[in-house]
Amino acid sequence: MKEFVLYTGCTTPVRLPAYEAAITIVLEKLGVRLIPMKDANCCGAQYVESVSHTAFAAMSGRILAIAESMDRDILAVCGACSGSLKIVKHDLDHNPDLRAEVNDLLAEEGLKYTGTVEVKHLLQIFNEDIGYDAIKAAIVKPYNGVRLAAHYGCHVTRPPEIVQVDNPETPVIIDKIIEIAGATPVDYTGKTRCCGGPMLAMDQEVANKIGLDKIKNIRSERAQGIVTACVFCDIQLTQVQFGDTAGSEPKIPVLTLPQFLGPALGINFDKLGIQLNKISPEAILQVT
Amino acid sequence: MSNDGVPQKSVVNNVPSSDFAKEVEKEFGGEGIMKCIQCGMCTASCMVASMADRYRPRKLIQKILLGKREEVLSSELPWLCMTCRLCEERCQEDVNLAEIFHAVREIAAREGYVPKIFQNTINKVLEDGWLLKDAYTDFVEDDRSDLGLDPKLDWNDDFVKKVKKRYFNGGNKK
């Protein structure tokens, strides 16, 4: 059984624990075991990242070094965290001065970054470590064609030369998994556009407009649900549908990729935390 | 030759050369700024620009190239980039706008221009070690237990204090 260190990041365990539970049980079912990272810190994305590149590198660098001490590659499930860890790994691997600086700080607790661990986003685990054939073989209760829109998340797929997850303009991994599980992947305008989540701090109104624009585009293709691969995107695309400007049309359920895949693998709703979703996806999760 | 009315190379005035652009170019992430040809593909791709008239990434790059240092550093504009990098995907000259705006933010931070919401969040992270300590309620703990997850989150707050001491104390004025 393959093993990875799970770095949950700050947001998933608090705002979307169902995502964490669903990832753990779905990957276990597909032959991947996760070991939680203990004593971790925030990766520094967006906030510390904006004001000090060196401090940001130290914070993400420590997470990379902890994984090295555990002798396992990292699974990051949040777009911001996976992006940060990959970018900092790239920086530390190409900038000896920065690496020396970070290692100087890490040495006090006996940690060292040498560059031996890989950082993988959840989509890579499905695509590279499990593979579509194995997913297909594990489907015991396929869906019956339900129409689903994939939302990939900006920091999951860009910058492509560093993150190396999927095609940045025409990503396919979530769509393929939707198809393999018996549902219908639906293309829509602006698929690779941002959910608006990173704008919440500076301008909530603009953030909502960006999120609702995506919902509108998804709705116009008559998609019955949205499948995500980042905790921030999932939360943002859900909450914009509850705002004053959201309109009166029925809300479109938003669910994480493992929550979608789980029922098709024969996993019960309660273990996937489906009951915690703010817009119930139960009607669209009826497997045959 | 100088009298035939044809401008000489030395008087071509669209070569970006402001001191501020050079300053950004030297900053980590700012290296690509001089490659910008001001085509506007970034603004055309930008979701923030499509929803907010005040934000135009091409114009922001232009202000930097023209040397409007104080105007740029004291404004909220560099902080409105979502770093979604859709513009970078489409830029024909490989200008890395998200990185450039990070470089500008870093210069702004050194001079005390950090939006309050950013500064508050940074202070929190550098105190608690993570973002959501205050949001971790008993209700969430119960949800985690029900899902079979460890309710103890075990974040480290020692390291961020070292980071704060080393890179922030005294470094940020204001």
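The predictor assigns the complex an ipTM of 0.95. The corresponding pTM is 0.94. The average pLDDT of chain B is 91. In that chain, 88% of the residues score at least 70. Where pLDDT is low, predicted coordinates should not be read in detail.

Chain B is assigned two domains. Domain 1 covers residues 13-110, and domain 2 covers residues 116-167. Their centres, taken over C-alpha atoms, are separated by 32 Å.

Chain A contains an open sheet of four strands in the order 2-1-3-4. The pairing is parallel. Strand 2 (32-36) and strand 4 (119-121) of chain A stand at the edges. Each has a single partner strand, so one side of each lacks a neighbour in the sheet. From one strand to the next, the twist averages 40°. Within this sheet, strand 1 (residues 2-7) and strand 3 (residues 74-76) of chain A pair in the parallel sense, over three bridges. A:Leu6 has A:Leu75, in strand 3 of chain A, as its bridge partner. Helix 5 (residues 79-94) of chain A lies across strand 1, strand 3 and strand 4 of chain A. The helix runs at about 155° to strand 4 of chain A.

A further open sheet of four strands in chain A has the order 6-5-7-8, with parallel pairing. Its edges are strand 6 and strand 8 (254-256) of chain A. Each of these pairs with a single strand, so one side of each is left without a neighbour in the sheet. The twist here averages 40° from one strand to the next.

Strand 5 (residues 147-151) of chain A pairs with strand 6 (residues 184-186) of chain A in the parallel sense, over three bridges. There, A:Arg147 has A:Thr184 of strand 6 as its bridge partner. Strand 5 of chain A also runs parallel to strand 7 (residues 225-228) of chain A, joined by four bridges. A:Ala150 stands opposite A:Val227 in strand 7 of chain A. Four of the five residues of strand 5 of chain A are buried, so this strand is largely enclosed by the rest of the structure.

Strand 7 of chain A and strand 8 of chain A are paired in the parallel sense by three bridges. A:Ile226 stands opposite A:Val254 in strand 8 of chain A. Helix 11 (residues 173-180) of chain A packs on the sheet. This helix touches strand 5, strand 6 and strand 7 of chain A. Its direction makes about 155° with that of strand 5 of chain A.

A local feature of chain A concerns A:Asn217, which lies in helix 12 (residues 204-219) of chain A. A:Asn217 has 16 C-beta neighbours inside 10 Å, so A:Asn217 counts as partly exposed. Neighbours within four places in sequence aside, A:Asn217 is in contact with A:Tyr188, A:Thr189 and A:Gly190. A:Asn217 and A:Tyr188 are 29 residues apart along the chain. Their C-alpha atoms are separated by 6.1 Å.

In chain B, helix 4 (residues 57-66) has a set of buried residues. They are B:Pro57, B:Leu60, B:Ile61, B:Lys63, B:Ile64 and B:Leu65. An α-helix has 3.6 residues a turn, so residues three or four places apart point the same way. The cover over the buried residues of helix 4 of chain B includes helix 1 (19-26), helix 2 (41-45), helix 3, helix 5 (69-73), helix 6 and helix 7 of chain B. After helix 4 of chain B comes B:Gly67. The phi of B:Gly67 is positive, near 90°.

Note on methods: Residues are numbered from 1 along each chain as its sequence is written. Chains are lettered from A and ligands numbered from 1 in the order in which they are written. This is a predicted model: local features need pLDDT of at least 70, side-chain atom pairs count only at pLDDT 80 or more; totals for chains, interfaces and linings use all residues. Domain bounds come from an automatic or database domain assignment. pLDDT is the predictor's confidence in each residue, from 0 to 100. A residue is buried if 20 or more other C-beta atoms lie within 10 Å of its own, exposed if 12 or fewer, and partly exposed in between; C-beta atoms are placed from the backbone. Helices (H or I, at least four residues) and strands (E, at least two) are DSSP runs, numbered from the N terminus. Two strands pair if DSSP finds at least two bridges between them. Axes are lines fitted to C-alpha atoms, for helices over the stretch in contact, and angles run from 0 to 180 degrees between N-to-C directions. Two residues are in contact if their C-beta atoms, placed from the backbone, lie within 7 Å.
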